[in-house]
Amino acid sequence: MSTIYIDNKQYEVKAGKNLLEACLGLGIDLPYFCWHPALGSVGACRQCAVKVFKDENDTHGRLVMSCMESIRDGLHLSVSDKTAKAFRSQVIEWLMTNHPHDCPVCDEGGSCHLQDMTVMTGHDYRRYHYKKRTYTNQYLGPFIHHEMNRCIQCYRCVRYYHEYAGGKDLNVFAAHNHVYFGRERDGILESPFSGNLVEVCPTGVFTDKTLREHYTRKWDLTTAPSVCNHCSVGCNTIAGERYGQLRCITNRYNSQVNGYFLCDRGRFGYEFVNSANRITQPLIRNRTVEAVDEAVLMDHLRALLTNHTLIGIGSPRASMESNIALMQLVGKENFYQGISDNAVFVEKRIVEVMQSGVIKTASLHDIQQSDAIVILGEDLWNTAPVMALAVRQGVMKTAAHQALQNRAIAEWHDAAVKELVQQEKGFLANCTVSSSPLDEISSSVMHKAPEDLARLGFAIAQRLNMVLPVVQLNDDMSTPAAVIAAALQKAKRPVIISGAGYYNEALIRAAFDIAAACKATAEEVHLAYVMPECNSMGLAMMQASGFENAVLRTSRVNNVTAIVLENDLYRNVPAQIADVFFNNCQHCIVLDSLHNATTQHADVLIPAASFAEADGTLVNYEGRAQRFYQVFVPANKNMQESWKWLMKMQPVQTGSAVERSYHPEEVLAMGEQLLPRLSGITAVAPPRNFRVNGQPLPRAPHRYSGRTAMLSNLTVSEPKPKQDYDSPFTFTMEGYSGMPPSPLIPFFWSPGWNSNQAVNKYQEEPGGSLKNEHAGKLLFEYKQDATPVYFKDIPEAFMVRHEKWLLLPQYEVFGSEELSAYSKGISELSPSPYAALSQLDADPLSLVNGSLITVKIFEQVYELPVRINAAIPKGVMLMPAGLAGMPVMAWNSWVQIISIRL
Amino acid sequence: MGRKLLLEKAHVPGIRTYEVYRREGGYRSVEKALKTMTPDQVTEEVKKSGLRGRGGAGFPAGMKWSFLAKPEGVPRYLVCNADESEPGTFKDRYLMEFIPHLLVEGLIVASYALGSNKTFIYIRGEYAWIVDILEQAIAEAKNNGWLGKNILGTGFDLEIYVQRGAGAYICGEETALLESLEGKRGNPRIKPPFPAVKGLWDSPTVVNNVETLAAVVPIINIGGDEYAKIGVGKSTGTKLISACGNINKPGVYEIDMTISVEEFIYSDEYCGGIPDGKRLKACIPGGSSVPILPANLLLKTAKGEKRMMNYESLSDGGFATGTMMGSGGFIVLDEDQCVVRHTLTLARFYRHESCGQCSPCREGTGWMEKILKNIEYGKGKKSDIDLLWDIQRKIEGNTICPLGDAAAWPVAAAIRHFRDEFEWHVLYPNAAQNRNYGLAHYADPLPVAAKT
């Protein structure tokens with residue numbers, strides 16, 4: 001700690017930071033643009049100027065940029081100094097010379113950092129009377145709207161996109177007062193992290209194009225803390241609604257998980273909520289009028305739920321509450337995971353490893369802080385994009401730490417650090433099946449079939465712990481194995497990442513063995529397994545058997561009523577198996593939010609609420625349970641949370657007359673009862689009766705407008721606001737107006753800070769944890785003294801088969817995930833089907849890019865264009881997973897090419 | 001007649017060719033340095049000579065060399081800054097064009113002293129034809145064993161590469177130059193780290209001006225002590241001055257820094273006076289970014305002493321009544337020149353050359369240009385002059401690199417010394433369109449400076 005004096009007042013601040021961070025951390029308002037806690041300082045905008053004095057007797061002082069000045073013990077500075085204030089106001093005046101006064105029609109208005117800073121400096125009079133500079137805007141794809149005239153040249157976009165996220169197609173062009181931020185020519189931004197430009201840009205140059213299509217001011221949004229449901233990372237988000245329509249997703253800072261940034265799938269994949277494909281009404285099939293109301297439905301269900309064997313099919317994308325409610329309804333022994341046995345087998349192993357508590361799970365924060373990362377058999381960039389971004393930060397930060405050793409330069413000094421680091425990278429071994437954008441920052445890149453990768457993993461573990469069995473590797477793998485092992489041996493905080501992506505259980509074991517072997521030398525070892533979907537981990541922890549077992553069961557038992565929970569089985573198991581299942585079941589009740597192949601088979605179809613209309617809990621890849629809150633009550637009251645529907649079926653089934661409503665925490669408590677390994681999950685968030693100063697928490701900011709008039713086209717009397725019995729929130733602006741505790745932050749706002757930069761005020765220190773942060777509930781416990789039990793069962797090496805290819809999935813950021821694919825922008829960017837092959841396999845067949853091959857998978861014939869990728873190992877064929885018209889769960893089978901059209 | 005060290009042989013016929021240059025005593029310093037001196041001794045000689053960087057800042061060259069970090073196993077680089085882009089300055093062009101081997105010779109000696117095996121000449125893009133001249137000279141030097149492997153059998157290897165810039169003024173700033181040389185956008189770096197520690201491609205680097213490096217040759221030939229005897233005070237050696245503007249004999253002159261400004265302007269040996277018998281109005285003695293001085297303050301300091309052509313005397317009086325030696329771009333304005341128009345020209349230049357990185361320079365220079373344009377074209381207001389003063393005050397000292405200062409100083413000096421001319425433009429816009437303000441009362445000592 002250091003003592004500094006700000007305007008002659010004494011403060012204790014953390015050493016090693018800069019003055020801007022110190023001031024903001026102390027709650028002192030100081031304007032800034034080019035600085036960002038995740039990006040560091042470059043001193044370009046000159047907005048954060050303060051006066052620094054030699055000592056307490058110095059009255060003259062020196063104007064410095066606070067973001068470029070280290071904290072020194074006994075430092076005297078002045079924020080309120082007249083010269084400093086005048087200069088800060090002058091900088092704003094400069095920036096405003098060319099900034100259009102189009103706030104009323106600007107998407108950023110009302111949540112604009114430039115507006116906030118302008119007001120903060122007090123600049124209000126215009127002395128510039130000349131024409132403003134104008135630019136031509138660019139088309140940047142379906143997500144980002146470009147309006148260059150508003151640019152104030154803070155360079156944050158390029159620094160974020162280029163340096164932080166590794167994108168190559170956004171840059172700064174031209175010079176002097178005509179610098180341009182954009183692409184070399186119009187075109188879709190290539191990085192899957194482009195959406196963060198919207199939040200990084202302090203003004204309205206880069207804005208959310210999807211929001212623009214149904215625009216609402218920030219202050220008119222009803223928002224709730226949410227959790228992204230498009231991959232297993234579980235990034236915290238804020239979802240905003242108005243007029244019953246979900247309008248936008250923004251980042252919700254969480255120091256342990258996503259920090260400041262989201263991926264585009266998470267940010268723009270929300271539009272399925274507004275889709276015309278939504279199920280809006282309970283349907284009973286084969287009636288004259290299929291659509292029914294709740295009473296008729298329940299009446300009808302009585303016959304289906306009683307005197308039948310109930311089979312419940314759970315879902316990796318439904319909340320814990322819904323899965324638990326289903327298990328409660330059908331009974332533990334009748335509950336099945338709605339995923340194939342192959343997946344269950346792998347995920348079970350993951351849960352077992354995590355449950356053993358030998359290795360700590362790696363949060364994204366841990367990954368960012370790690371000094372050596374090994375990715376073993378997971379296409380991180382496409383299956384967990386934000387984790388890939390964290391890996392990138394880990395690599396960059398390690399390089400920075402190395403470069404800064406014995407140098408009098410602080411870590412926040414981004415420009416100097418970049419200068420020192422140049423091309424240096426921290427250690428990253430990216431061992432996957434095919435090429436990935438992470439390859440270019442990897443010290444060690446390996447593209448092999450999953451079995452070989454697992455063998456590589458075991459070999460690395462053996463080199464770290466000689467007791468383990470020796471793996472015979474070819475030369476092309478033994479050298480990298482030695483290199484990776486050597487790097488891990490030196491590492492203090494290594495992280496091993498693997499996942500269920502290739503449905504290869506040996507990879508899971510190998511990754512564990514490496515991590516366990518690292519424990520001998522490292523201070524802290526972390527392990528992460530990426531899971532296929534947002535609640536895969538939660539479902540896997542329920543330890544039910546896979547779908548094939550359910551099918552088997554239905555073939556043995558008659559009179560089955562199946563209840564399928566938010567699960568398109570035709571995406572999770574091969575179509576033949578799903579067909580058998582539906583044939584076997586006498587009745588089938590399906591709860592889901594969108595029509596899909598499975599809902600076609602429903603005798604009874606019940607509309608489920610999407611994440612935005614629901615309360616629930618998701619368990620992310622690290623076993624972190626996180627609560628998401630209902631954003632709005634849909635006008636259509638049929639859209640209810642699946643768990644609510646299922647809890648309503650309970651009395652129907654048992655014939656009890658007592659009808660009562662349940663709350664999420666009660667359902668979770670049931671889960672704890674049913675499954676002891678879920679114990680603690682009720683602590684995921686404050687209870688529903690949580691109040692601050694006796695007040696509930698408002699979802700809408702106090703400036704929310706039009707509440708009394710919003711529905712006046714329907715009724716002139718203002719309807720009673722919707723009540724929320726499930727959470728501490730209200731659906732209005734009434735309630736506690738201060739800062740809510742961390743898991744209950746519906747929006748970031750502080751007086752004078754209307755933009756997302758208000759997050760500074762919610763943090764302990766800029767870029768640090770939120771005040772009293774409650775970053776979810778970790779369900780896996782780390783056991784300090786647990787001794788690792790190594791897996792010694794090493795798989796055989798991958799053998800290329802003659803004229804046959806091992807089929808493996810190629811994940812796509814846009815397209816592979818089910819729900820986001822229903823959003824317009826995401827579907828626009830998702831690729832068309834293809835089959836990817838190695839150059840070595842293509843050449844003998846004279847295949848070139850675009851040649852059409854016909855393959856037969858599970859009796860189904862596919863004709864696909866070929867993509868040749870030199871990185872793919874020989875004998876392996878990749879096909880995009882999850883795309884419409886692509887094989888489902890045929891992975892790790894051997895396929896033959898039937899015919900070729902060149 | 002002052003002593004000439006650099007341009008003495010510049011007009012010998014055929015001096016551009018290796019044969020003539022060698023015959024005239026060229027490459028003697030290389031022989032002397034490589035064969036009889038250690039690299040540290042060479043650096044020591046340069047230190048003793050008191051040679052100051054000729055690019056504009058005037059930082060002692062020997063000192064700069066001694067700061068160079070010398071970690072094991074890391075290459076070191078010498079970069080010759082030939083991006084001479086300060087308006088009014090063309091001394092380096094002259095030197096490279098007429099006597100290119102002198103620079104090559106200086107580079108070899110300096111590279112030897114610094115331990116650079118790869119030396120770069122970063123040359124201004126507009127000097128296209130000089131690239132050919134330099135490459136010809138480098139090829140000749142290489143053919144004759146002065147470059148390449150194992151030079152003179154001493155085991156010292158050196159290659160010199162010429163790299164053309166793309167014409168940005170900011171690339172004359174040493175860190176922006178290094179960025180550009182690395183193939184990146186020419187934005188200045190934030191220091192530290194300094195180039196002497198992390199410069200070109202992450203390696204310790206010294207960046208020196210053409211004239212500085214050429215001056216190494218006579219220093220080695222005659223010895224540092226001898227060199228230091230030329231000139232006065234800390235202004236040792238000779239200095240190239242590129243004189244232009246309203247003078248009879250524009251050109252590049254080598255002076256030994258003991259002559260007075262008056263003598264330089266009026267003597268036939270140098271500028272040869274002002275054409276058509278007009279009177280001197282003002283002068284920018286060190287390239288466009290140093291403060292302009294009215295005649296009275298140019299010829300005599302505020303203390304009434306004769307102003308001399310050296311670092312100390314020119315900067316006597318600070319910015320209030322003095323100016324700077326700068327890069328030696330000596331621009332003379334006669335009584336018919338309009339200071340407002342002149343300032344506008346400079347402001348336009350600096351606006352165009354701002355890299356666009358930091359706000360004060362990027363936005364401030366553009367604004368200043370617009371205001372000056374209005375004043376010049378009869379649309380100015382009196383408050384514009386105060387606004388101009390305010391803007392330049394806020395730019396100065398508050399930018400990442402010195403370009404902001406370079407843009408602010410000419411405007412500041414013009415208003416400081418010629419405020420009445422600006423006011424006249426505002427008050428009589430029609431008159432200002434048709435005739436010039438003239439000399440007014442610049443003979444009066446310190447009239448305007450006192451006001452501001």
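View 1. Helices (H or I, at least four residues) and strands (E, at least two) are DSSP runs, numbered from the N terminus.

A quick note for every view: this is a predicted model, where local features need pLDDT of at least 70 and side-chain atom pairs count only at pLDDT 80 or more, while totals for chains, interfaces and linings use all residues. Residues are numbered from 1 along each chain as its sequence is written, chains are lettered from A and ligands numbered from 1 in the order in which they are written, and side-chain values use heavy atoms, with hydrogens and water left out.

**View 2. The five-stranded open sheet of chain A.** Here 5 strands line up as S2-S1-S5-S3-S4, with mixed pairing; two strands pair if DSSP finds at least two bridges between them. S2 (9-13) and S4 (62-65) sit at the edges with a single partner strand each, so one side of each has no neighbour in the sheet. On average, neighbouring strands are turned by 40 degrees against each other, direction ignored. Zoom in on S1 (residues 2-6) and S5 (residues 75-78): they run parallel and are joined by 3 bridges. In one pairing, A:Ile6 has A:Leu77 of S5(A) as its bridge partner.

**View 3. A parallel open sheet in chain A.** This one has 6 strands in the order S16-S21-S20-S17-S18-S19. At its edges are S16 (360-361) and S19 (444-447), each pairing on one side only. S17 (residues 372-376) runs parallel to S18 (residues 427-432), and 5 bridges join the two. Look for A:Ile375, which stands opposite A:Asn430 in S18(A).

**View 4. Where chain B meets chain A.** Chain B puts 39 residues into the contact and chain A puts in 41. The rule finds 1 salt bridge across the interface, a salt bridge being a side-chain nitrogen of Lys or Arg within 4 Å of a carboxyl oxygen of Asp or Glu. A:Arg127 and B:Asp390 form a salt bridge, with their closest N and O atoms 3.1 Å apart. On the side of chain B that touches chain A, the elements giving two or more residues are H15 (339-353), H16 (359-376) and H17 (382-395) of chain B. H16(B) supplies the largest share, 10 residues.

Definitions and conventions: Contact means heavy atoms within 4.5 Å. Axes are lines fitted to C-alpha atoms, for helices over the stretch in contact, and angles run from 0 to 180 degrees between N-to-C directions.
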